[in-house]
Amino acid sequence: MAKVLIIGAGGVGSVVAHKCAMNSDVFTSIMLASRTKAKCDRIAAEIREMHGVTIQTDQVDADQVPDMVALINSFNPVLVINVALPYQDLPIMDACLEAGVHYMDTANYEPKDVAKFEYSWQWAYKERFEKAGLMALLGCGFDPGATQVFTAYAAKHHFDRMDYLDIVDCNAGDHGKAFATNFNPEINIREITQPGRYWENGEWIEIPAMSIHKPIEYPGIGERESYVLYHEELESLVKNFPTLKRARFWMTFGQAYLTHLEVLQNVGMTRIDPVKFNGMDIVPLEFLKAVLPAPDSLGENYTGQTSIGCQIKGVKDDEERTYFIWNNCDHAKTYREVRGQAVSYTTGVPAMIGAMLMLTGVWMKPGVWNCEELDPDPFIEQMNKQGLPVNEQVNATLPHEYPA
Ligand code: NDP
């Protein structure tokens, strides 16, 4: 039914390619292209062996708009799924506009030289996509992505008014390495070393990185120390659900991870400005990425689960209500299914679902959209079918303080 071009052959790109191949009634022809073609070829061979589907591969530097346009024109897809890095969002959006194809990604644009992410750059494309009759779907992974669908689902089915939102993200997995990040190390470390931020009473409250934390109980896992971070979906959620008085994002970190990170920061290894070394300019964080384990190499011996969900308090039929919606995902199980660990899986499966809903017309509308702006029901239905079962609990006691 539709041709799709996937850009990026890392942990997430691999899961997207596998899951598209496993839904070959929708994705009838698939190309995986990335900076290093050998990685695409390795994934293609795995897909042929595991699912009996042949996909095409190619090499591209997605920062180069003319090269992207040439690739799109030669393969002629309906949609480009961008699962390279956030730096590539704008060049790939430009290429999609020029070639006349739809676009989606899983992380919002970041300039390479400033550790800052916000939607303004991509929202600025709204009119151009609308005029071209094309759709761009932003941030369709798990968080961002499924967490916004969860919030939209809560608003549609469980609340007349939502007051408090806490997104809770736990990875209780063990990959056996002393220190590794579960998705691209450069992007991950930039995200967690910047100041934290949350929304309260109509404004952003900035806090020193990792300064607010407490134990939170995760279903099937138990209590884990969780830290308030700034996370990109908060920006669109407070805009699209303006009744929210407070919106926060919590993520778990183990003590060993934090100790490693502190040392790396103290010795300057997380810097993103170039330093001279042997007459060359090198960026310490990029060098660190080169020596850390790649996220797609963590899967084989990974055990344990992730648990990500939304905890909401608000009002329904004049009564106060709490609501918790979440998914648990098992690292070993996802490895068996698609040779990827659960963090790549929980990102790649929602990306495939978003693409599927666009291509089948269910979510298709011109413009630039965040996931909570589209009907959550078909997305939740697909999560339940595609390996990310959704759980719900109404009026449980949630682990947060709510001002009187
Ligand atoms: P990886 O680092 O494993 O993979 C990134 C891939 O992009 C690599 O194959 C890399 O090529 C390729 N790439 C980088 N630059 C270019 C370029 N200029 N042109 C073409 N290809 C390029 O990252 P992940 O797979 O872990 O993450 C992918 C994306 O998913 C990131 O944007 C990340 O932020 C996002 N993400 C979103 C989450 C969510 O829930 N929404 C959660 C986790 C991740 P090479 O192999 O040559 O380096």
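Predicted model: local features only at pLDDT ≥ 70, side-chain atom pairs only at ≥ 80, totals over all residues.

Modeller: The centres of domain 1 and domain 2, taken over C-alpha atoms, lie 24 Å apart.

Biologist: What makes residues of domain 1 and domain 2 count as being in contact, and how many does each domain give?

Modeller: The cut-off is a C-beta distance within 7 Å. Domain 1 puts 15 residues into the contact and domain 2 puts in twelve. On the domain 1 side, seven are nonpolar, five polar and three charged.

Biologist: Which residue ranges do the two domains cover?

Modeller: The domain assignment gives 2–138 for domain 1. Domain 2 has two segments, 146–338 and 390–394.

Biologist: Why is helix α9 called mostly covered?

Modeller: A residue is buried if 20 or more other C-beta atoms lie within 10 Å of its own. Six of the eight residues of α9 (233–240) are buried, so by this count the helix is mostly covered. The six are E233, L234, E235, S236, L237 and V238.

Biologist: What covers the buried residues of α9?

Modeller: The cover includes α7 (146–157) and the strands β7 (161–171), β8 (196–200), β12 (246–252) and β17 (367–370).

Biologist: Why is strand β15 described as largely enclosed?

Modeller: Nine of the twelve residues of β15 (305–316) are buried, so the rest of the structure largely encloses this strand.

Biologist: How do you know that β15 pairs with β7?

Modeller: Pairing needs at least two DSSP bridges. Ten bridges join β7 to β15, so the two strands pair. They run antiparallel. C170 stands opposite S307 in β15.

Biologist: How many bridges join β15 to β16, and which way do the strands run?

Modeller: Twelve bridges link β15 to β16 (319–330), and the strands run antiparallel. G314 stands opposite R321 in β16.

Biologist: What do β15 and β16 form, and what is the phi of D317?

Modeller: The two strands form a hairpin, with two residues between them. In the turn, D317 has a positive phi of about 50 degrees.

Conventions: Residues numbered from 1 in each chain as written. Domains from an automatic or database assignment. Contact = placed C-beta atoms within 7 Å. Nonpolar A, V, L, I, M, F, W, Y, C, P; charged D, E, K, R; others polar. Helix = DSSP H or I, 4+ residues; strand = E, 2+ residues; numbered from the N terminus.
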